[in-house]
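Here is a friendly walk through one protein model, written for someone who likes to know the cut-offs behind each term. Please keep the structure open beside the text as you read.

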Amino acid sequence: MTTTPSGQDIAALKGRTVPVQDILDLFQVRVRDHRTVHRIAQALTDAGLTTLPDFAICSQRSSVDVVPLTSVPAQAGPVDAEEDETEDALPSAALPQRLLLGDIPSARRGLLSVGPATPLAQATFLMHTNGLSQVPVTTGMATLHGVITWASVARMYEAGKQPTLENAMEKDSVPQADTRQEFFSELPRIREHGYLLVRGDDGCFSGIITAADVTERFEGAARPFFLVGEIESLLRRCLGAALDAEAVRAVQTNKKAEHRSGRVSDLMFGDYLRLLDGEQAKTSLAERADANWEALKWPNMPREQFIGRLTRVKDIRNRIAHFDEKPLPPELLDELRTFAKLLRTFVG
């Protein structure tokens with residue numbers, strides 16, 4: 001649970017460059033989400049402070065400058081006081097500034113290795129039983145002698161050499177890097193070799209990144225974005241076909257009156273709820289929402305359950321928007337898939 005440290009502890013951050021993780025630790029936060037980010041940002045604001053860049057959108061291993069709030073230009077466009085405190089427009093910089101090798105989980109997960117005196121049969125047995133395509137040959141996880149791969153074993157037999165660990169090792173140009181290096185600059189080597197050995201801050205091997213790890217990492221990161229994008233596109237098609245400009249302008253309360261376009265394409269995700277939720281606190285919007293729901297002509301759609309699902313999708317979207325480094329849990333990904341499938345049925 002988020003706790004607010006003393007004003008003195010927060011004030012002590014002023015003028016310092018600190019790791020994002022230190023800020024989270026100060027507030028006893030394990031995972032950044034829209035609620036914890038809002039509370040930390042509010043506490044900093046109350047102390048007259050902010051961070052550059054925004055702590056909410058950086059990798060937890062990045063550092064930020066804690067500066068006086070007055071030194072940062074004010075944001076244009078005031079937000080209506082009745083707006084949801086967790087307004088959900090995707091930040092323009094919602095992605096981390098740099099992606100390091102250490103940000104890939106397998107780079108710090110550890111790895112199996114064998115010593116130089118290990119029999120080849122034992123090394124290949126280890127590969128078979130653990131589903132590995134390569135095993136490094138090391139001394140003390142610091143000195144690398146080579147790497148055994150299925151391809152290197154095959155080349156040994158093709159060359160008619162004795163089946164020994166020494167003859168089966170790849171020794172030249174073994175791809176290796178450290179956790180602090182940029183991920184994208186190393187992609188060509190991962191593509192060429194199929195793997196990259198990674199050393200930690202202590203110089204010892206901390207993990208291995210394979211082509212499969214890259215695919216898994218970016219599938220996990222990209223799929224939620226695309227699902228949310230599809231859901232938003234389907235919602236806009238439904239709402240745009242059923243509602244007039246006046247209904248849309250009524251929920252664009254985060255803009256000045258002259259800037260309320262009345263176009264569904266200009267709405268933020270929370271606006272969809274304000275358009276349809278008949279239980280919201282603001283009576284005028286709740287009454288309009290009843291009429292909007294009728295305009296959709298979805299007689300077989302249970303409204304309460306639909307609003308509940310839409311609220312869940314909004315929460316998941318906020319989590320994505322604030323760049324939670326951990327992959328989205330399978331159950332949340334399933335919620336997005338289910339809701340997208342539901343919308344496809346009603347959109348036709």
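## Ground rules and overall picture

This is a predicted model, in which local features need pLDDT of at least 70 and side-chain atom pairs count only at pLDDT 80 or more, while totals for chains, interfaces and linings use all residues. Residues are numbered from 1 along each chain as its sequence is written, and side-chain values use heavy atoms, with hydrogens and water left out.

The protein has 13 helices and nine strands; helices (H or I, at least four residues) and strands (E, at least two) are DSSP runs, numbered from the N terminus. Of its 348 residues, 42% are buried, where buried means under 20% relative accessible area, exposed over 50%, and partly exposed in between (1.4 Å probe, protein chains only). The accessible surface comes to about 18,500 Å², and carbon and sulfur atoms contribute 52% of it. Those areas come from the Shrake-Rupley method with a 1.4 Å probe, and for residues only the protein chains shown count as cover. Among contacts in the protein with a separation of 6 or more, 58% join residues 24 or more positions apart; a contact means heavy atoms within 4.5 Å.

Two strands pair if DSSP finds at least two bridges between them. Axes here are lines fitted to C-alpha atoms, for helices over the stretch in contact, and angles run from 0 to 180 degrees between N-to-C directions.

E1 pairs with strand E3 (residues 63-68) in the antiparallel sense over three bridges. In E3, Ser 63 is the bridge partner of Pro 19.

Strands of a sheet pair through backbone hydrogen bonds, either parallel or antiparallel.

E4 and E5 are joined over six bridges in the antiparallel sense, and Thr 139 has Thr 143 in E5 as its bridge partner. Three residues lie between the strands in this hairpin, where Gly 140 takes a positive phi near 65°. On the other pairing, E5 (residues 143-149) and E6 are antiparallel over two bridges. There, Val 147 stands opposite Glu 170 in E6, and Ile 148 stands opposite Met 169 in E6.

## Where H10 meets H11

How do helix H10 (residues 269-276) and helix H11 (residues 283-296) cross, and at what angle? Their axes come within 6 Å and cross at roughly 90°. This makes H10 roughly perpendicular to H11; the classes are under 35 degrees for roughly parallel, over 145 for roughly antiparallel, 65 to 115 for roughly perpendicular, and oblique for the rest. H10 contributes Arg 274, Leu 275 and Leu 276 to the contact, and H11 contributes Leu 285, Ala 289, Asn 292, Trp 293 and Leu 296. By class, that is six nonpolar, one polar and one charged residues. Ala, Val, Leu, Ile, Met, Phe, Trp, Tyr, Cys and Pro count as nonpolar, Asp, Glu, Lys and Arg as charged, and the others, Gly among them, as polar.

H10 is mostly covered, with eight of its eight residues buried. Among them are Phe 269, Asp 271, Tyr 272 and Arg 274.

Leu 44 sits in helix H3 (residues 34-46) and is buried, at a relative accessible area of 2%. Not counting residues up to four places away in sequence, Leu 44 touches Ile 10, Leu 13, Leu 49, Thr 51 and Phe 55. The C-alpha atoms of Leu 44 and Ile 10 are separated by 7.1 Å, with the two residues 34 apart along the chain.

Thr 124 belongs to helix H4 (residues 120-130) and is buried too, with a relative accessible area of 15%. Leaving aside neighbours within four places in sequence, Thr 124 is in contact with Trp 150 and Val 153.
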